[in-house]
Amino acid sequence: MSALQTISSLIYLVSAVCYVLGVHLMRSPKTARKGNGLSAVGMFLAVITIIVTIIIEGKIDAIGWVVLLVGLALGILYGIVKARKVPMTDVPQLVSLFNAVGGGAAATIGIFDYLLKGDGASLSVAFSLPVFLDVVIGGITFSGSLIATGKLSGHVSGKPISFPGSRLLNIVVVIAILASAYLMMGLTTNVWYVTLALAMSLIFGLLMTLPIGGADMPVVVSLLNAFTGLAVAFAGFVINNQVLIIAGALVGAAGTILTLQMADAMNRSVANILAGGFGTGDSDSGAAAADVPVDVKETSADDIGLQLAYAHSVMIVPGYGLAAAQAQHEVAELAKVLTDQGISVNYAIHPVAGRMPGHMNVLLADVNVPYEQMKQLDDANPMFESTDVSLVIGANDVTNPLARESGNAISGMPILDVDKSKSVVVIKRSMSTGYAGVQNPLFAMDNTQMFFSDAKKGLQEIVAATKQYLE
Amino acid sequence: MSQELFTNLAIFVLSLLVGFEVMSKIPATLQTPMMSGANAIHGVVVVGAFVIAAEANSALFYVLAFLGAFFAAVNVAGGYTVTDRMLGMFDRKPAAKKGEAEQK
């Protein structure tokens, strides 16, 4: 090992330690930000090291510098502007976009090194296997994550998309990927082999993501995130760089565990989700109000305002509908109007409320909801019995008492015991079912009233009505 | 199997184990930021973008090096920025009230 290699390897090791400790610190809310900062320090060290390394080695030519620096500058600019400007409701699709480009970069490295060998060059399996895995996994995450971004942002329909013969096409594509593996493991390079591997993996990414409903996307994004980690690790094998291997494997493993936990919190299995599952989660957007299956009591903004003004304690239960309607400002305003009058207001936050686990906390924190008012499931449930009014906004399955019974799609899912409060007001666009496709008996209970409205518009009306009774 | 490949494979397997171990039960509140933080870490692929740029010697390779650098830079810069923004919202309790007053 040359002196340069020794020093750079040691610094890479330090940066790898930063990533591991960073992830470790991110497990607790108190130290999470520090953890991310530490991981960024590790990244900074790694980048400085590689800059110094390529300067000292001096292999890079002038065009190489221009290409590299322009690419980096544009990428940094684009990434930071996007990350700074994104509204908190759109974070999931942004993470997915960043994941797509990460996979794309990893695949690019594999393709580059394969092609650099020249056409017809002889190679070993020890080289071509990591290249193949890097290109295929990177390609799948690139196209898959772009579709996930599209689905989350509404550019691609959130409904599961399938077409006749899609299963057959899937099989054909998988066979083609295996064929490209066989070809690439052969003895000589050929530009078409790697092109076939890339093209088929891009198609596979599309086919894998399109049939999955919008509400399941968070789990898919997390899974693809783990995939990208692995692609990066294989890129590390290709260029023989250990920091890529360590960081990539770390993300691959940690991301897998995180994916399982997310799926668990949503009461879904990863296998089910990938099979295209049973629901779309966006079914709420349909105009399905016509098939009201049970007698429900409708109420008005005015009446809700009156109830809230005379309540002592109010529990707000925010759900996917609130996130989708971007009504977090309105809900915070309503809470402020009430707390100013000495009414106790809390938020009961289900682990999977919002668009992905933990997302609702971020949304509410963004509009300055005090941290003490955000009650997690276990803290919130004992409070419902002493709650005068529970205001359920765009949430459905997470309040469904059927989860306590067996034999249905949501059996066993932890729910918020909204039905135990004195009175329940549900703001929802229609009577359609949530993403599990199960009717919610809560809506037909004696102490429940329904207010059919978009979360944002409905809350604006309720705020106006409440103010009128409080003045 | 070459010594180099074996070393890399050992590092890979052990890092996987560290990844499984370090990620025990995560509170749901932190799952989204954690995903985003992990996403930023695989932005380390930017190191690879430097490595290939140093070897580029013809139009095709310059294009690939450019793509690699651009993609990786978006991943790493955007990933850390958005994760920090998200986590920043958890620890700004006293400052938040001030910010709100200024807005109004």
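A:Met315 stands opposite A:Ser390 in strand 4 of chain A, strands being DSSP runs (E) of at least two residues and helices DSSP runs (H or I) of at least four, both numbered from the N terminus. The structure is a predicted model, for which local features need pLDDT of at least 70 and side-chain atom pairs count only at pLDDT 80 or more, while totals for chains, interfaces and linings use all residues. Residues are numbered from 1 along each chain as its sequence is written, and chains are lettered from A and ligands numbered from 1 in the order in which they are written.

The sheet of chain A is open and is formed by six strands in the order 3-2-1-4-5-6, with parallel pairing, where two strands pair if DSSP finds at least two bridges between them. Strand 3 (374-376) and strand 6 (448-452) of chain A stand at the edges, and because each has a single partner strand, one side of each is left without a neighbour in the sheet. From one strand to the next the twist averages 25°; axes are lines fitted to C-alpha atoms, for helices over the stretch in contact, and angles run from 0 to 180 degrees between N-to-C directions.

Strand 1 of chain A pairs with strand 4 of chain A in the parallel sense over five bridges, and strand 1 (residues 313-318) is also joined by four bridges to strand 2 (residues 344-349) of chain A, again running parallel. Within strand 2 of chain A, A:Tyr347 is the bridge partner of A:Ile316. On its other pairing, strand 4 of chain A is joined by five bridges to the parallel strand 5 (residues 423-428) of chain A, in which A:Val424 is the bridge partner of A:Ser390.

Strand 4 of chain A is largely enclosed by the rest of the structure, because five of its five residues are buried. A residue is buried if 20 or more other C-beta atoms, placed from the backbone, lie within 10 Å of its own, exposed if 12 or fewer do, and partly exposed in between. In a regular strand the side chains alternate between the two faces of the sheet. In strand 4 of chain A, A:Val389, A:Leu391 and A:Ile393 point one way, whereas A:Ser390 and A:Val392 point the other way. Helix 13 (residues 328-340) of chain A lies across strand 1, strand 2 and strand 4 (389-393) of chain A, and runs at about 175° to strand 1 of chain A.

Chain B, by comparison, contains five helices and zero strands. Of its 104 residues, 57% count as buried, and residues 24 or more positions apart account for 66% of the contacts in chain B with a separation of 6 or more, two residues being in contact if their C-beta atoms, placed from the backbone, lie within 7 Å.

The contact between the chains takes 96 residues from chain A and 77 residues from chain B. On the side of chain A that touches chain B, at least two residues each come from several helices, among them helix 1 (3-25), helix 2 (32-57) and helix 14 (359-366) of chain A. The largest share of this side, 19 residues, comes from helix 9 of chain A.

Helix 3 (residues 45-55) of chain B is mostly covered, with 10 of its 11 residues buried. The cover over these buried residues includes helix 2, helix 3, helix 4, helix 8 and helix 9 of chain A, together with helix 4 of chain B. One of the buried residues of helix 3 of chain B is B:Ala53, which, when neighbours within four places in sequence are left aside, is in contact with A:Ile60, A:Gly64, A:Val67, A:Leu68, B:Ala65 and B:Ala69.

B:Leu64 lies in helix 4 (residues 59-88) of chain B and counts as buried because it has 22 C-beta neighbours inside 10 Å. The C-alpha atoms of B:Leu64 and B:Ala53, which are 11 residues apart along the chain, are separated by 8.4 Å. With neighbours within four places in sequence again left aside, B:Leu64 is in contact with A:Thr108, A:Ile111, A:Phe112 and B:Ile52.

The largest nonpolar core has 196 residues, and those with the most contacts inside it are A:Ala247, A:Leu250, A:Ile393, B:Val44 and B:Ala53. Such a core is a set of buried Ala, Val, Leu, Ile, Met, Phe, Trp, Tyr and Cys residues joined through C-beta atoms within 7 Å.
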